[in-house]
Amino acid sequence: MEQRDRDTEILEKSREEIIYYIIDFYGEEMKRLIFTYVKNHAQTDDIFQEFLIKTYKKLAGFNSNSALKTWLYRIAINTCKDYLRSPIHRFLQYNESMKSIKKQKSAEQISLEKERQQTIIQTILSLPIKYREVITLMYYKHLSIKEISQSLGINESTVKTRIMRGKRKLRTKLEGYDVE
């Protein structure tokens, strides 16, 4: 059975069953998406819980104009953006930066940071959010331009422009690496 058919079928069930379905089929994917925004495992878990609560409350308003996955991405992204604008995030970010100043990196950590994949991921995470989100959705979540546009609520041409500019910024930061 195709995912979209399964999604349509499950939407006829109770809200609790739908939430269990979302956790089973989309949970890890949503957590990874949330992590790309907050870059903290503990905060990721908290925001994921908030995402589930918002999803539960908004289930009655879901119409099948878009795919369930796209709708869930939209809720997760908006939940992350709400968190990033919150005062608690700024406070936690300040505390983390103070801790990192106090810590010295070991030789093992330095060598691990030089590994290609980790470097690329860190560079992507260092991009401004508008570029990071489209790059992540395109290359790691394998969404189409149209799906990204729907998830973020922006024009397809804006998505294309942000991908192009994000890739340009990555090339600049990752001289010598293949960004594609």
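A charge is said to sit over a ring if NZ of Lys or CZ of Arg is within 6 Å of the ring centre and within 35 degrees of the ring normal. In this predicted model, local features need pLDDT of at least 70 and side-chain atom pairs count only at pLDDT 80 or more, while totals for chains, interfaces and linings use all residues. Residues are numbered from 1 along each chain as its sequence is written, and side-chain values use heavy atoms, with hydrogens and water left out.

The charged end of Lys 31 sits over the ring of Phe 48, 5.2 Å from its centre, and that of Arg 15 sits over the ring of Tyr 56 at 4.2 Å from the ring centre.

Rings also meet one another: those of Phe, Tyr and Trp (its six-membered ring) pair if their centres lie within 6.5 Å, with planes under 30 degrees apart counted as stacked, over 60 as edge-to-face and the rest as tilted. The count by this rule is four aromatic pairs. The ring centres of Phe 62 and Trp 71 lie 4.8 Å apart with their planes at 55 degrees, so this pair is tilted. Both Phe 62 and Trp 71 are buried (under 20% relative accessible area, 1.4 Å probe, protein chains only). Elsewhere, ring pairs link Tyr 21, Phe 25 and Tyr 26 into a cluster.

Turning to the helices (DSSP runs of H or I, at least four residues, numbered from the N terminus), in H9 Ile 145, Lys 146, Ile 148 and Ser 149 meet Glu 156, Val 159, Lys 160 and Ile 163 in H10, contact meaning heavy atoms within 4.5 Å.

How values were computed:
Helix = DSSP H or I, 4+ residues; strand = E, 2+ residues; numbered from the N terminus. Buried < 20%, exposed > 50% of the residue type's maximum accessible area, 1.4 Å probe, protein only.
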